Amino acid sequence: MDNQLVINGYDFFDKAFNGLPDIVNPQGEHIGAVIGFFYLLFKEVGESKCQSVDIDWSTEGQDLPETFGGSFQSKTIRELLTAMGFEENGDSHYRLGTSGSDPLESKELITSPAQKVILAHGLDKIVDFAGAEPQQACAACEVISTSDFNETEKIFEDIKKAYGKNSQPVGFYPLFEKNSKDELLGIALCADEAKGFFVRCEGFITRDYIAGKLQDLANACRLTTFDIKKSFGLFTPNDIENSMGKTPDAGNGDKVIEEGGEDSKNAPFGKSQKGSCIDILIGAYLLNPLKNDYMPEDIADEYLGMKIKNYADTFGKASLKESDEALVAFFAGTIAQVSFLSAPLIEKKLVEEQMADLFYDIEMPLSYILYDMERVGIIAKRDQLKVYSDNLAQRIEVLEKEILAEAGTEFNINSPKQLGEVLFEKLGLPGGKKTKSGYSTAADVLDKLAPDHKIVRDVLEYRGLAKLKSTYADGLAEYIEGDGRIHTSFNQTITATGRISSTEPNLQNIPMRTEEGRSIRKVFVPKDGYVFADADYSQIELRILAHMSGDKGLIEAYHEGKDIHRITASKVFNTPFEEVTDIQRRNAKAVNFGIVYGMSTFGLSEDLSISRAEAKEYMEQYFATYPGVQQYQERAISQAKEKGYAETIYGRRRPMPELKSGAYMVRQFGERVAMNAPIQGTAADIMKIAMIKVWRRLKAEKLKSQLILQIHDELVIETAPDEIELVKTILEEEMMHAADLLVPLEVECHTGKDWYEAK
């Protein structure tokens with residue numbers, strides 16, 4: 001008796017189309033429903049005892065979805081069924097197997113030919129159809145693990161010959177022991193869609209040997225990996241090596257960048273060429289900066305439709321040396337394969353989105369400079385940190401006694417609930433806002449009370465000093481390494497605006513507002529005989545606002561070279577420049593910087609402790625004085641709504657989904673971001689260009705001095721005593737000419753025996 005399996009093909013298609021996320025193969029074709037259809041088909045056939053299969057593909061009365069290539073996917077499925085040996089008849093039935101045949105025969109017919117078809121269409125790069133669950137699918141690349149010297153030599157040589165004149169980057173991934181930057185276990189290489197290699201560090205194959213082979217490969221081929229900064233201890237990219245002996249040209253030639261014009265997309269160092277390396281992490285981040293936690297599995301899924309296991313799921317808490325050798329090789333090989341396959345797609349999209357110059361000329365060179373800064377580090381004197389911590393502890397103890405005495409009762413100052421009860425119930429201070437968890441004692445609440453109540457001022461100082469002690473005085477000591485230096489990690493794929501951040505520890509947030517906070521800079525010193533040269537931009541975001549708005553009054557104010565806040569106060573309040581009061585200047589400064597961040601009248605009133613009516617009047621006077629600024633804000637919001645993103649002068653994009661939100665507050669936030677992101681992002685781009693130019697100049701002139709820190713708008717160089725004047729000149733020249741705006745960039749440079757004195 002014929003045991004026939006009858007399948008409604010459209011039902012399978014419908015389940016697959018709506019049940020799987022959209023998946024795009026390396027050729028850019030939507031194939032999610034194709035994958036799901038054959039997964040369901042193979043599963044059904046595998047579980048059945050059928051001797052033949054009949055697939056009814058009649059779609060009469062059914063509408064095929066047009067989104068995500070519905071018709072294309074339906075057509076592809078039918079073509080694949082025919083290629084697998086199914087016979088099609090006129091009534092849209094696809095049949096395989098005959099009555100009386102061995103049940104296994106039909107299964108072999110459907111699996112063996114199917115695998116060939118799947119391989120031919122590259123679908124194995126998405127899912128293993130031979131039985132894996134979709135969520136367990138992984139890269140199909142075969143990874144050959146070796147520690148044989150001759151075999152390793154041949155692997156590197158074969159790749160070099162095959163890709164020496166090829167623009168396709170070779171995928172690689174060095175694998176270091178967990179929590180180690182130096183203990184190299186091996187390196188994965190991938191230059192083929194179906195095969196990769198993992199060369200283990202054993203015997204003659206040492207870290208130095210692999211570094212030499214990788215450098216040799218880098219000299220001959222383009223390379224790609226994930227988070228390339230971690231690899232720079234092994235090799236130096238060609239374009240970085242070549243730039244060390246060349247003094248970069250200043251700015252963008254002699255052209256002034258016109259905001260929104262064609263020249264605004266020009267590369268800062270001339271027309272960009274494809275770099276010798278591509279970091280898929282940086283590329284993916286540029287294309288979607290709102291996602292600040294890209295991992296290899298995210299890129300595999302987003303660009304290749306691959307489902308790969310992450311590090312934690314693969315190894316758990318075990319060290320790599322304790323893990324299965326084949327698993328280690330497969331993990332590294334998979335990341336190398338993801339790099340190899342996704343790099344061309346990411347590069348293509350960067351070109352389409354007009355961010356290729358930004359990627360090749362700014363972000364990729366910067367990654368090496370950040371590595372170099374991390375490598376050098378900055379000296380932190382442990383004994384001075386201890387003294388600083390002890391001094392803070394003494395002052396905190398005094399404040400604690402004073403606060404308890406002022407309160408007239410014992411309570412835990414660190415408990416917001418107890419503090420709120422003391423301030424607003426026992427002492428009866430005004431402005432208490434009671435919530436379910438008690439009174440709010442947030443900084444904005446206490447700041448309003450501080451001028452009139454000593455206990456509140458003491459509480460705020462107590463909190464500030466306690467944070468200084470725990471975060472910096474005690475926290476920084478944990479990061480001082482054996483060489484006496486702190487080697488922070490600089491991150492260029494975290495912030496949506498493109499600003500550099502740092503972690504372990506975060507040196508970007510070293511306090512500056514209070515003297516106690518600034519004093520911690522005294523523990524950071526240069527090596528013996530050297531000094532710090534510290535340079536920072538003056539009001540860079542305000543200057544970019546003047547440039548991007550094109551406001552003649554604001555541009556003229558900057559060209560006058562006087563105090564911009566006093567000039568603004570003079571114009572806004574119709575007061576002679578010499579007669580502007582300190583209060584007027586302070587108010588003008590608040591408006592100047594508030595405008596940059598899209599501050600509302602409510603925000604300005606809170607900042608200056610004035611009525612909303614007064615704040616509204618200040619804003620109106622400001623816009624009447626600088627009408628181009630208001631026009632810029634309106635234009636920035638309009639363009640962001642139209643394009644779906646805000647954009648810097650250099651083409652960096654910040655997607656703006658907030659502008660389409662149904663929530664009014666979210667849309668308002670989006671409008672503020674739309675006004676500020678182009679300014680803050682351009683400031684980040686200019687600082688990055690300055691870093692590249694300064695670093696290259698130091699290398700080109702073969703100086704002993706080294707760039708070691710970047711903090712917001714500030715650069716710090718550990719400077720040799722006989723190079724002080726030259727380093728100051730380099731900082732001023734290269735930072736001032738990092739961009740040619742409609743207003744001059746101003747740089748202030750100082751030197752000192754420690755970071756405090758230099759700042």
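Student: Which helix holds Ile369?

Tutor: Ile369 belongs to helix H12, residues 356–376; helices (H or I, at least four residues) and strands (E, at least two) are DSSP runs, numbered from the N terminus. Residues are numbered from 1 along each chain as its sequence is written, and this is a predicted model, where local features need pLDDT of at least 70, side-chain atom pairs count only at pLDDT 80 or more, and totals for chains, interfaces and linings use all residues. Side-chain values use heavy atoms, with hydrogens and water left out.

Student: Why does Ile369 count as buried?

Tutor: Its relative accessibility is 1%. Buried means under 20% relative accessible area, exposed over 50%, and partly exposed in between (1.4 Å probe, protein chains only). Ile369 therefore counts as buried.

Student: What does Ile369 touch, not counting residues up to four places away in sequence?

Tutor: Ile369 touches Met691, Ile692, Trp695 and Leu707 on that count, where contact means heavy atoms within 4.5 Å. Ile240 lies 129 residues from Ile369 in sequence, with 9.1 Å between their C-alpha atoms.

Student: What makes H5 roughly parallel to H6?

Tutor: The axes of H5 (residues 149–163) and H6 (residues 207–220) come within 9 Å and cross at roughly 15°. That angle makes the two helices roughly parallel, since angles under 35 degrees count as roughly parallel, over 145 as roughly antiparallel, 65 to 115 as roughly perpendicular and the rest as oblique. Axes here are lines fitted to C-alpha atoms, for helices over the stretch in contact, and angles run from 0 to 180 degrees between N-to-C directions.

Student: Which hand does the crossing of H5 and H6 have?

Tutor: The H5 and H6 crossing is right-handed. A crossing is left-handed if the near helix is turned anticlockwise from the far one by less than a right angle, and right-handed if clockwise. Residues making this contact include Phe149, Phe156 and Tyr163 of H5, with Tyr209, Leu214 and Leu217 among those of H6. By class, the contact has eight nonpolar, one polar and four charged residues; Ala, Val, Leu, Ile, Met, Phe, Trp, Tyr, Cys and Pro count as nonpolar, Asp, Glu, Lys and Arg as charged, and the others, Gly among them, as polar.

Student: How do the axes of H8 and H11 cross?

Tutor: The axes of H8 (residues 280–287) and H11 (residues 325–352) come within 10 Å and cross at roughly 35°, and this crossing is left-handed. Gly283 and Ala284 of H8 are among the residues in contact, as are Ser339 and Ala343 of H11.
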